[in-house]
Amino acid sequence: MVITEQLKLAFDYVQFTDRHVFLTGNAGTGKTTFLQQLRNQTFKRMIVTAPTGVAAINAGGVTLHSFFQFPFGPLVPEMLTDVLNPDTQVKGRASANVNKYVKDKIRIIRSLDLLVIDEISMVRADLLDAVDEVLRRIRYNQEPFGGIQLLMIGDLYQLAPVVTHEERPLLEKYYETPFFFSSKALQRTNYICIELTRIFRQSDQKFIEMLGQIRTNHIDEDTLRQLNSRYYPNIEQNPEKGCIILTTHKNKANSINQNRLDSIKKKSYFFTAKVEGTFPEDIYPTLEELELKEGAQIMFIKNDSSIEKKYYNGKIGIIESIDDEGVRVKCQEDDEEIIVGRETWENIRYELDENTKEIKEHVIGRFSQLPLKLAYAITIHKSQGLTFDKAVIDAKAAFASGQVYVALSRCRTFEGLFLSSKIDFSSIKIDSDVVSFNRNFQKKPSLEHELPTAIHDFQKKLIIELFNFNLVEKRLSYLKKIISEHQESLSEKLPDEIMTLLNALKIDISDIAQRFQPQLSKLIDSQDLIENNSVLQEKIQKASAYFLEKTDNIIQTASSLEIDSDNQTVKKSVKDAYEKFIDELYYKTACLKACLNGFELKSYLNIRALAVFETEKKKTKKTISESQTAPKNVHPELYKQLKIWRNQKAEELNEPHYMILPLRTIEEIAGRLPVSIEMLSKIKGIGKKKLKLYGMEIFGIIREYCLKNNIPVEDYEELKPVKKKNTRQITLDMFQSGKSIRQIAIERNLTPSTIEDHLFAMVNKGILDIHDLMSQEKIDIISHWFSVMNDFSVKNAKNALGEDFSYNEIRYVMNMLQSKEKDF
């Protein structure tokens with residue numbers, strides 16, 4: 001196939017940008033061939049889908065409904081919420097709950113770069129929006145389609161989406177049209193349309209021009225007159241040899257085929273298909289029970305899989321003989337007969353290769369049969385994608401937009417076209433929404449000129465995302481929230497440990513990354529070719545090394561957290577939040593490692609995709625449900641012994657574990673070593689009832705542990721509560737010892753703003769001098785702003801003065817000025 005400028009442009013946009021592409025064009029312009037070549041050449045991870053089973057088999061992919069597990073029927077917002085909700089079952093419809101996606105499906109989606117949708121003209125807007133919803137949920141990415149690029153292939157002037165009378169009012173509440181381009185998600189993107197104009201199917205320029213006029217409903221009377229010159233009133237009864245009738249309805253096509261076969265007074269031969277695995281009947285490429293006779297006109301329905309390539313999909317011939325060797329077919333353009341054997345069609349499912357992590361096409365079913373069907377007649381719908389040397393067009397009953405164009409464009413030449421009924425203007429139905437859509441896209445600027453910018457923007461987006469840690473911080477903040485809500489069921493020290501981790505993440509990573517972003521953007525924009533920008537590449541290498549070290553530190557700290565709970569619901573919630581946080585950290589570290597030697601698009605995309613699987617390899621083996629390790633500052637062996645005793649007692653009495661001894665109580669016992677009944681009674685969680693039921697057993701375990709480890713029992717006295725020091729005084733003492741606000745915040749597991757609050761409170765009390773916290777220059781600048789603007793709004797002052805001034809500094813000066821006014 002000749003690679004035209006339009007085909008190369010389409011390939012470059014798909015390969016080197018993230019722009020969504022709608023690839024369209026007349027029948028025979030090479031859309032299907034482009035997909036086949038893209039599959040072999042792209043370095044992006046991709047899957048191929050289509051709206052129907054037959055279209056999916058032809059494209060070598062899967063249906064949208066099967067891959068995304070959608071039920072059939074409307075998927076408008078009011079129904080989609082129920083369809084995707086794990087706790088809701090829509091009556092009469094299967095659930096597409098994303099929580100029930102198998103592990104492989106989730107991994108494929110999270111590692112995907114490109115989603116191809118063939119025959120996009122048949123995809124409804126609500127289906128495309130449902131795809132968007134699932135992709136955003138599974139990828140934790142709120143960009144349209146979860147940040148995955150779409151390649152949509154099809155011709156809007158051919159087959160339209162199916163909308164029943166019952167569905168139409170429901171769809172009209174949400175969408176201007178049922179076509180894919182009315183999708184809310186797609187309308188939020190800057191997608192492009194590339195129309196292929198060079199036709200490979202036909203070579204007669206006049207016929208090509210005629211088809212172009214019919215496709216866009218710009219046909220004039222002269223063209224219609226010329227078209228109707230191919231009208232032959234009785235052609236259906238006496239068609240030329242090798243001619244096939246294209247009709248609008250399936251029943252008529254089946255009737256013509258069976259009647260013609262019955263008229264041949266020869267022996268019938270029956271060939272039964274061999275069906276293996278999963279291969280639904282509605283996607284059978286031909287009849288399961290195929291009846292053939294010598295002299296019957298047939299059509300090949302598959303390309304010859306042998307190296308001889310003697311036939312192709314749509315080639316027509318006559319059966320010469322049927323014997324033990326096979327079915328012998330003679331085609332008009334061939335000198336020799338073709339001996340036809342069985343061919344196999346495969347139904348696939350996308351799976352992951354566990355070794356390479358590549359997306360593989362796993363065959364789940366096969367259909368083996370002679371690649372033949374009777375070819376006296378075929379529906380216009382089934383003829384899509386085929387090419388005929390001779391065809392009779394029966395279009396008088398055309399009911400759908402684009403049907404007449406599809407039928408006429410199946411013919412290779414104008415001379416091979418025969419009309420069984422005349423065509424008038426009303427027969428050529430073109431949807432006005434399609435015409436309007438194409439008119440708008442023709443006004444778009446030159447895509448050739450936009451390509452370099454699109455390539456640059458894609459690479460810029462990837463680099464900016466690399467140094468964005470918002471999702472990591474969001475995951476940790478959510479873990480902190482879950483732990484705070486269930487403190488009573490978790491270790492007492494855990495909230496402080498998480499706060500320390502969050503402070504370190506903000507100070508060492510998030511804040512620095514945020515300040516780095518403007519500098520990074522400026523460097524990226526300083527040169528068109530990002531990969532050749534040496535200054536930028538050096539900066540990327542250094543930043544990757546810095547943030548990699550810091551994220552590794554966070555991972556080490558997070559991996560040492562000891563999380564356990566008696567409450568199974570709490571345990572699951574904390575585990576899920578913890579694992580999402582860890583997953584995101586490992587994903588980020590894998591991406592950072594990819595740029596230690598600089599940024600290169602192909603290798604980065606590959607490593608970014610594989611980073612999804614790094615989380616599984618490196619994730620800590622410890623699980624919350626299996627944790628037996630003792631928290632810090634307790635005797636680990638005693639902690640373990642008490643926990644084993646508690647669990648056995650719970651099973652013996654058929655009681656929940658926490659009803660015997662909560663984990664926090666075990667933790668306190670293992671930390672304080674109460675060696676008398678009196679001391680034990682003062683442990684939180686040991687009431688009179690527990691003391692009476694289990695006191696002696698617990699005390700026995702403690703004493704035995706102390707004796708075994710040479711811990712003198714008589715040396716332990718009852719621990720008296722220590723009077724807590726004022727929190728502001730602690731902060732002041734640390735500040736006066738020479739520690740910075742940032743250091744104090746980390747050590748005390750508090751935010752820097754809280755530490756500032758403590759210190760400014762000490763200033764107000766006269767204990768600390770204001771100049772210890774801020775310079776006179778800062779005081780003067782803030783004072784000047786308030787006096788000039790006469791606006792005592794801390795927020796407005798902060799916005800005007802910028803990041804160099806904190807809220808506490810501005811608030812202090814404002815209060816000082818207002819206090820002076822009152823004194824005056």
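1. Basis. The model is predicted: local features need pLDDT of at least 70, side-chain atom pairs count only at pLDDT 80 or more, and totals for chains, interfaces and linings use all residues. Residues are numbered from 1 along each chain as its sequence is written, and side-chain values use heavy atoms, with hydrogens and water left out.

2. Sheet. An open sheet is formed by 6 strands in the order S3-S2-S4-S5-S1-S6, with parallel pairing. Strands are DSSP runs (E, at least two residues) and helices likewise (H or I, at least four), numbered from the N terminus; two strands pair if DSSP finds at least two bridges between them. Strands S3 (62-63) and S6 (192-196) stand at the edges with a single partner strand each, so one side of each lacks a neighbour in the sheet.

3. Pairing and packing. Strands S2 (residues 46-50) and S4 (residues 114-117) pair in the parallel sense over 4 bridges, and Leu-115 in S4 is the bridge partner of Ile-47. Helix H2 (residues 31-41) packs on the sheet, touching S1 (21-25), S2, S4, S5 (149-153) and S6. Contact means heavy atoms within 4.5 Å.

4. Leu-171. This residue lies in helix H8 (residues 167-172) and is buried, at 6% relative accessible area (buried: under 20%, 1.4 Å probe, protein chains only). Not counting residues up to four places away in sequence, Leu-171 touches Val-76, Arg-124, Asp-126 and Val-163.

5. His-65. Helix H4 (residues 64-68) holds His-65, which counts as buried at 13% relative accessibility. Beyond four places in sequence, the contacts of His-65 include Pro-51, Phe-72 and Leu-127.

Key. Buried means under 20% relative accessible area, exposed over 50%, partly exposed in between (1.4 Å probe, protein chains only). Axes are lines fitted to C-alpha atoms, for helices over the stretch in contact, and angles run from 0 to 180 degrees between N-to-C directions.
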